[in-house]
Structures are given as C-alpha cells and as structure tokens.
Amino acid sequence: MRMFRRSAVVSAALITSALALTACGASGGSDGSDSASGKVEGQVTFQTWNLKANFKKYFEGVIADFEKKYPDAEVKWIDQPAEGYPDKLSADAAGGTLPDVVNVSPDLAYPLAKAGLALDLEKAAGKYRGEYLDGAWQSQKMPGMPGVYAFPWYLNTGPMFYNKELFRRAGLDPDRPPKTYDRLFSDAMSMAKKSGRKIAMLASTPSIEDFGRYGVRLMNTEGTEFTFNEPKGVELLEHYKELYAAGALDSQALTAQAWSAGRKFEQQSVAMNPGSALDLQNFKKDAPSLYRHIGITDAVNNTGRANMYVQGLMVNAQSKVKPAAVAFAHFVTDKKNQMAFAKQVTIFPSTKGSLDDPYFTKEDGTDATRVRVASAGSLKNAVNYTPVPLSDQMKTVLRNAVAKAVQGKQSPKAALDGAVAACNRLLATG
C-alpha cells in the first residue's frame with residue numbers, strides 16, 4: 001500500500017455499472033431509507049484496500065474493541081489487493097455484493113454515490129461531523145450532489161524540499177523559500193539567470209493540483225463541467241511557458257516522472273521538489289552534500305491551504321445492518337483509533353485536535369519527525385484540490401495540453417480550451 005497517495009482510477013467498468021444501477025432505480029438502502037438509527041447488531045462486512053499484510057494486528061484489535069463495545073455485532077474483515085481494486089468494486093456494485101463498510105478514495109466513491117450505493121452520512125450520521133477537520137469532511141462531498149458519502153479516514157500531504165545552498169548562490173534568502181506563486185516565479189527567474197541557466201527551480205510542469213493551489217476554479221458548482229481554462233488558469237500556464245523559455249523549468253520537465261524529478265533534485269540541478277520522509281532518509285545516505293543544505297517548507301500556494309490526499313470509509317446504502325455499519329465506520333475513524341493508526345505508519349488523522357498532539361508538533365532531531373511536523377501543520381486547513389470526477393485519462397489530456405503550451409506549440413488559452421472541451425466530453429460520456 002502506498003500511504004502517500006493511492007492513485008486508483010475509477011475504471012470505466014465501475015462507472016458503467018454504477019450508472020446502470022442508477023437507471024434500474026437503485027436508491028439508498030435496502031429499505032429506501034437513509035436512517036442509521038436502531039440497535040447496533042448483526043454482522044458487518046468491512047473491506048480494506050491492501051492493508052492486511054502490514055496492519056493485521058492493528059485492525060484485529062480495532063475489531064475486537066468494537067465487538068466488545070457492541071456485543072450483538074460482529075465484523076467480518078475482507079482485505080483486497082491494490083491491483084484491480086476498482087474492478088473489484090465494479091463487480092460488487094453490479095452483483096449487489098458490495099460490503100457494508102468499504103475503504104474508498106473520493107474518486108472511487110463518486111460513481112457509487114451517483115448510483116445510490118453510498119449512504120449519505122450528512123443525513124445518517126451528521127451528528128459526527130464536528131469530530132472531523134472541515135476540509136476532510138468536505139472532501140467526501142460529491143460534485144452535483146448534496147451530502148457526504150464517506151467518513152474521512154487517514155490523510156496525507158507532501159512537504160516541499162528545497163536546496164538552501166542553491167538559493168544562497170542565487171542571491172535568494174535560504175530561510176525564506178517562496179510561499180506564493182508570484183514569489184516562486186520571481187525566484188525561479190533569478191536562479192536561472194544567476195546560474196547561467198544551469199539550475200532550474202522546478203523539474204515538473206503544473207498538475208491539476210497546481211491549478212487549484214494557484215486559485216483557479218477547476219469545476220462549476222454543479223460538478224458538470226471543468227473550468228480550469230478560465231483566465232487565471234491561462235495565466236498560470238503562461239508563467240510556466242516563460243519559466244521553460246528562461247531555463248527556470250528543467251528542460252526535461254515535459255516528460256518528467258516523480259522519480260526523475262527527484263533524481264534531478266538529488267543531483268542538485270533543481271532547487272525545489274516535493275517529497276516525503278523516505279526521500280529525506282535517502283538524501284542522507286545517497287546525497288550527503290544535498291542533505292546538509294535541505295530546507296523543508298509547505299508546497300507553494302495562493303490560497304493559504306495545502307493539498308490533502310484523503311481516504312474514507314463508505315457505508316453501503318443497501319446494507320441490511322446500517323446502524324452497525326455506521327457505528328463501525330465511525331469507530332474506525334474516531335480520534336482514538338486514527339491516532340493509533342498514525343503512530344504505526346506515516347499518515348495523519350482527519351479528526352479535529354489530533355494534529356495538535358505533541359507527536360505531530362514536536363521534533364526529536366530525526367528525519368521522520370522533521371517531515372511529520374512540517375506536513376501536519378499544513379493539514380489543519382488543507383483541501384483536496386483534485387476534482388473527484390477527474391480520471392487518469394483526463395489527467396493525460398491536461399498533461400499533453402500543458403506540454404504543448406509550455407513548448408510554444410499552442411497558446412496557453414488554446415491548449416486549455418482544448419483540454420477542457422475534451423475532459424467535458426469524457427465527463428458527459430462517462
């Protein structure tokens with residue numbers, strides 16, 4: 001399991017199955033009710049996503065505690081491998097065998113919610129809303145639909161690493177890395193000029209998250225159309241085109257993968273790059289000259305809010321044990337159990353107050369705590385910028401459009417207009 005970001009895509013089969021179920025009149029709950037009131041009893045099937053191999057003892061303990069609290073309920077735990085998880089959900093959705101509580105990311109919950117297979121927790125369990133960070137709760141809303149369709153579970157975000165020595169050589173303050181995009185662009189130009197185009201500030205082109213952090217409206221309020229081609233989106237892409245022409249954006253950024261961008265940063269030909277605690281440990285071992293000059297900061301943004309990656313627990317709206325299913329999903333995601341999970345692996349709780357715990361605020365001199373403290377601080381008011389309906393196919397459309405614009409093969413406006421049109425066609429036919 002990749003705890004930083006599991007980029008499972010909603011497969012075409014899952015969307016097709018969900019829409020077919022909608023057409024057949026499927027609605028929330030076997031009794032047509034969103035109510036989760038009643039006695040907590042019966043067997044709850046609980047499905048996780050590639051967690052059993054590493055966290056068997058933890059989940060068995062949580063389940064035992066729940067069954068002790070509710071002696072008339074029991075939990076049957078199912079763990080699915082990472083590979084093919086969307087297809088498994090598709091098969092369960094089509095066959096009416098979806099478990100009572102299901103581990104999903106928002107993109108996987110979306111078609112299930114549209115099909116009436118995800119319980120609206122705003123209605124069924126709204127009393128728990130105040131226990132979760134606002135951004136985490138909001139991340140489980142679905143475009144064009146009222147309500148919330150999963151309990152927020154664990155979160156993550158990525159800090160930004162930067163090379164203090166490269167900043168110093170460029171005449172930039174090594175203790176004041178850029179926080180806004182205007183500063184980023186200005187500092188990037190200075191660095192490229194000062195280094196004779198040998199040092200670039202960045203090694204990758206903007207993703208949809210960058211558009212969000214820049215302040216671009218990514219979709220309309222109804223969730224029916226993408227809008228990232230609005231003037232602010234064009235403005236962002238024009239800046240990246242200028243960076244590329246000036247050598248402030250690495251020459252291989254158009255085809256860069258996360259690992260290749262990381263290698264450029266490790267080789268000290270790029271001054272800033274996102275990363276994790278594992279990267280920091282690797283720098284210490286493999287690139288000690290870089291490690292000595294590492295700075296850690298939040299990802300640049302114009303909104304004052306970092307990006308959040310989030311997982312959730314969805315309750316099957318057709319569950320025959322709704323009270324027990326809701327109780328268990330809430331139990332797993334409550335403050336106590338999320339905090340215990342966060343101490344076993346590098347993730348962060350979505351519950352209010354948890355990030356103020358000394359575990360997330362006090363450094364002990366290790367690389368792990370340096371990154372953990374930096375990340376936790378940014379998550380308190382973070383949001384999930386990636387639109388829920390944005391598929392991998394749509395991301396490829398955007399990436400290709402950005403590449404054309406950055407190279408000057410197409411104007412930023414024409415490139416984004418084309419990308420939005422293509423994504424909206426995919427959205428309409430999905």
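Arg169 is exposed, at 56% relative accessibility. Here exposed means over 50% relative accessible area, buried under 20%, and partly exposed in between (1.4 Å probe, protein chains only). The model is predicted, so local features need pLDDT of at least 70 and side-chain atom pairs count only at pLDDT 80 or more, while totals for chains, interfaces and linings use all residues. Residues are numbered from 1 along each chain as its sequence is written, and side-chain values use heavy atoms, with hydrogens and water left out.

Arg169 pairs with Glu165 in a salt bridge, at 3.3 Å from N to O. A salt bridge is a side-chain nitrogen of Lys or Arg within 4 Å of a carboxyl oxygen of Asp or Glu. The two residues are 4 apart in helix H7 (residues 164–169), about one helical turn. Helices (H or I, at least four residues) and strands (E, at least two) are DSSP runs, numbered from the N terminus. An α-helix has 3.6 residues a turn, so residues three or four places apart point the same way.

The structure holds 18 salt bridges. Helix H3 (residues 85–95) contains both Asp92 and Lys88, again 4 residues apart. Their closest N and O atoms lie 3.4 Å apart in a salt bridge. Asp92 is buried, at 5% relative accessible area. Lys88 is partly exposed, at 31%. Lys380 and Asp356 form a salt bridge at 2.5 Å, N to O. This pair links distant parts of the chain, 24 residues apart. Lys380 sits in the loop between helix H17 (367–379) and helix H18 (392–407), and Asp356 in the loop between H15 and helix H16 (358–361). Lys380 is partly exposed at 41%, as is Asp356 at 47%. Lys39, Glu41 and Asp72 are linked in a network of salt bridges.

Burial marks helix H14 (residues 322–332). All 11 of its 11 residues are buried, so the helix is largely enclosed by the rest of the structure. Among them are Lys322, His330 and Phe331. Gln338, in helix H15 (residues 335–342), is buried as well, at 1% relative accessible area. Its contacts (heavy atoms within 4.5 Å) include Tyr58, Tyr132, Trp153 and Phe348, not counting residues up to four places away in sequence.

Backbone angles were also examined. Most residues other than glycine have a negative phi. Asn50 has a positive phi, near 60°. Asn50 lies in the loop between strand S1 (42–49) and helix H2 (52–69) and is partly exposed at 24%. Gln268 has a positive phi near 65°, in the loop between helix H11 (258–266) and strand S6 (272–274).
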